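Student: I would like to go through some labels used for this model and check each against its criterion.

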Amino acid sequence: MKIGLVLSGGGARGIMHLGVIKALQERRVEFTAIAGTSAGAIVGALVSHGYSPDEVLDKLLKINFLKYLRPSFKGPGLLKMDKVEELYMELLPHNSFESLKIPLTVTATDIEVGETVYFQSGELIRPLMASSCLPGIFEPIRYNRRLFVDGAVLNNLPIEPLLDKGIEFLIGANCNPHSLDKPIRSMRTVIERSLLLAVRNKTQERTQQCQLMFEPKEVGKYDIFDVRKAREIFLTGYNSVLKSPDKLSLLDKYCNLFNQ
């Protein structure tokens, strides 16, 4: 059976995806293909490369992300991402979709044309940077003569490339639960709430096309910039799978049906 995994964007909340993947891998689930936006694209790339979820978590806990960010005083964003490329080269030295062990689709938004672009071949790192380029926070990424920002602007749960590949069972992980309970107390929470509202309605329609969807409400208490709580966010994703026996039974049922 062809099993596809689609991973949403969501900043640091995307670490939740690693926990979800670990729990599924413990049940010997093998992914035929992965698609992701922003944080989901990054997690998808690292797992497709061959890192285990625990290995990715350990690396995240050791990285000083401020080292790779520079202020942008005159550009169309607060920060530049150019040095982030160095970090990606350390993690993904082959810098190629073709070298990944699991086929991957990375989603970004062409801000000039206003359309979603799916990357599946060629250079890997620049599309990853484009996919996670939060508008207003980071300067847009110029790649192949096009100007890109975060893929979540138009498609935060890119199921379309997986459906085009003939995926028979689609598993989704969305780290942006539909909750508006969190108080707005800073510029950071204003930015976060605005981004979540912008993608909310379009994501709902796509979640309904997944046979399994993991979107624990608990992850909503974390900020999209809250990398320091990576281990907690990881466990939120992991436990969301373990605490869903009905969903796991459905997965086992479909696997048995297709393997007969």
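Student: In what sense do S3 and strand S4 pair, and over how many bridges?

Tutor: The model is a predicted one. S3 and S4 (residues 77–80) pair in the antiparallel sense, over 2 bridges. Across from leucine 79 in S4 stands proline 71.

Student: What makes S3 and S7 edge strands?

Tutor: The open sheet has 3 strands in the order S3-S4-S7, with mixed pairing. Strand S3 (70–71) and strand S7 (136–138) each have a single partner strand, so one side of each lacks a neighbour in the sheet.

Student: Why are H3 and H8 called roughly antiparallel?

Tutor: Helix H3 (residues 53–62) packs against helix H8 (residues 230–242) at an angle of about 160°, with the axes 10 Å apart. Angles over 145 degrees count as roughly antiparallel, and H3 and H8 are therefore given that label. The contact is made by Pro53, Asp54, Leu57, Asp58 and Leu61 of H3 with Ala230, Arg231 and Phe234 of H8. These contact residues comprise 5 nonpolar, no polar and 3 charged.

Student: Which hand does the crossing of H3 and H8 have?

Tutor: H3 passes H8 in a right-handed crossing.

Student: Why does leucine 87 count as buried?

Tutor: Its relative accessibility is 8%, and buried means under 20%; leucine 87 therefore counts as buried. Leucine 87 belongs to helix H4 (residues 84–91).

Student: Which residues does leucine 87 touch, not counting those up to four places away in sequence?

Tutor: Leucine 87 touches Ile63, Phe65 and Tyr68.

Definitions and conventions. Residues numbered from 1 in each chain as written. Predicted model: local features only at pLDDT ≥ 70, side-chain atom pairs only at ≥ 80, totals over all residues. Heavy atoms only, no water. Axes fitted to C-alpha atoms, helices over the stretch in contact; angles between N-to-C directions. Helix = DSSP H or I, 4+ residues; strand = E, 2+ residues; numbered from the N terminus. Parallel < 35°, antiparallel > 145°, perpendicular 65-115°, else oblique. Left-handed = near helix turned anticlockwise from the far one by under 90°. Contact = heavy atoms within 4.5 Å. Nonpolar A, V, L, I, M, F, W, Y, C, P; charged D, E, K, R; others polar. Pairing = 2+ DSSP bridges. Buried < 20%, exposed > 50% of the residue type's maximum accessible area, 1.4 Å probe, protein only.
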